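Reader: I am new to this structure. Could you take me through it in short steps?

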Amino acid sequence: LSGPRAQLFACLLRLGTQQVSPLQLHTGASHAARNHYEVLVLGGGSGGITMVARMKRKVGAENVAVTLVGAGAKQLVIPSGVEWIKARVVELNPDKSCIHTDNGKEISYQYLIIALGIQLDYEKIKGLPEGFAHPKIGSNYSVKTVEKTWKALQDFKEGNAVFTFPNTPVECAGAPQKIMYLSEAYFRETGKRSKANIIFNTSLGAIFGVKKYADALQEIIRERNLTVNYKQNLIEVRANKQEAVFENLDKPGETQVISYEMLHQHEDLAPIPVKGFFMDNGDQIPPFPVTLNSHYVGSS
């Protein structure tokens with residue numbers, strides 16, 4: 001195999017092993033905007049821009065475009081010469097190898113890289129996000145709810161302080177535990193620790209995925225007298241009753257109701273919704289096939 005497409009395919013198989021060279025400031029593509037590109041990258045976050053830089057080196061800047069809106073200073077990191085499509089993607093049509101934007105344009109591609117990012121999705125839990133209007137519930141992952149965590153800590157009197165790890169991908173697997181440890185320290189400093197039953201309900205089957213760190217965390221959990229329940233996923237919040245409902249992931253349909261004096265819900269994340277990027281049942285489409293004959297590459 002030879003030629004630029006073979007090189008592109010080889011590059012896609014080596015994404016995790018290559019380093020990105022320093023980026024030049026974006027000054028706008030010198031060529032006129034087109035309706036077709038060899039590589040089209042959706043999303044100008046760190047993942048998308050990294051792929052743009054790599055594809056520029058493989059197929060040339062004039063053959064690469066990236067969609068990015070509301071960029072502000074982010075435009076400075078778009079590699080020079082790459083076409084910047086200042087429009088929002090509203091629909092994907094992989095069967096026709098094209099996308100549609102909010103300004104009415106149709107743009108086709110040879111290869112598509114989806115890096116649109118993620119968003120908070122508390123709506124998947126019954127009783128949220130409206131439950132955040134009640135006291136004693138907080139989440140550190142939204143500017144609208146982070147101060148409620150501090151208020152719930154300050155107002156804590158006696159009972160269960162419940163912390164969760166959702167059954168979705170998360171940005172940092174340690175973060176759900178950090179707020180629990182910080183809260184435990186606050187309770188000790190304010191003389192409330194003896195009245196607080198601290199519970200960590202995690203959807204995972206272990207406290208951490210790396211044994212070395214899991215062993216150390218288990219020691220901290222034992223020393224600080226924390227309760228950890230595994231394979232428990234929050235499915236409902238009854239804010240008016242101060243109750244949280246968890247499903248046993250090992251036994252679907254089996255639930256447990258825990259009353260709380262304080263509840264911290266970790267981030268629930270979901271892909272940015274785009275028409276054509278989901279199946280009829282609402283699930284995200286599986287990765288597109290990656291072959292030399294592919295007209296699309298898949299999600300990143």
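Reader: How many salt bridges does the count come to?

Author: This is a predicted model, and its side-chain atom pairs count only at pLDDT 80 or more. A pair qualifies when a side-chain nitrogen of Lys or Arg lies within 4 Å of a carboxyl oxygen of Asp or Glu. By this rule, the count is 10.

Reader: Which residue forms a salt bridge with Glu219?

Author: Look along helix α5, where the two partners are three residues apart. That spacing separates them by about one helical turn. The closest N and O atoms are 2.4 Å apart, and the partner is Arg222.

Reader: Is Arg222 buried or exposed?

Author: Take Glu219 to begin with: its relative accessible area is 34%, so it is partly exposed. The cut-off for exposed is over 50%. Arg222 has 57% relative accessibility, so it counts as exposed.

Reader: Is Glu236 buried or exposed?

Author: Glu236 forms a salt bridge with Arg238, with the closest N and O atoms 3.4 Å apart. Arg238 is partly exposed, at 28% relative accessibility. Buried means under 20%. Glu236 has a relative accessible area of 16%, so it is buried.

Reader: Which residues do salt bridges that share partners join into one network?

Author: Arg238 also forms a salt bridge with Glu243, the closest N and O atoms being 3.2 Å apart. The network involves other residues: shared partners join Glu184, Arg188, Arg193 and Arg224.

Reader: Which strands stand at the edges of the open sheet?

Author: Five strands form this sheet, with parallel pairing, in the order β8-β15-β9-β10-β11. An edge strand has a single partner, so one side of it is left without a neighbour in the sheet. The edge strands are β8 (137-138) and β11 (227-229).

Reader: Which residue in β15 stands opposite Ile137?

Author: Strand β15 spans residues 262-264. Two bridges join β15 to β8, and the two run parallel. Opposite Ile137 stands Leu263.

Reader: What angle does the direction of α3 make with that of β15?

Author: α3 packs on the sheet. There, α3 touches both β8 and β15. The angle between the directions of α3 and β15 is about 155 degrees.

Reader: How far does α2 reach from its first C-alpha to its last?

Author: Helix α2 (residues 46-59) has 14 residues. At 1.5 Å a residue, 20 Å is expected. The model comes close to that, with a reach of 20 Å.

Reader: Which residue follows α2?

Author: Several residues within α2 are buried, including Ile49, Met51, Val52 and Val59. The residue that follows the helix has a positive phi, near 95 degrees. That residue is Gly60.

Note on methods. Residues numbered from 1 in each chain as written. Predicted model: local features only at pLDDT ≥ 70, side-chain atom pairs only at ≥ 80, totals over all residues. Heavy atoms only, no water. Pairing = 2+ DSSP bridges. Helix = DSSP H or I, 4+ residues; strand = E, 2+ residues; numbered from the N terminus. Contact = heavy atoms within 4.5 Å. Axes fitted to C-alpha atoms, helices over the stretch in contact; angles between N-to-C directions. Buried < 20%, exposed > 50% of the residue type's maximum accessible area, 1.4 Å probe, protein only. Expected span 1.5 Å × (residues − 1).
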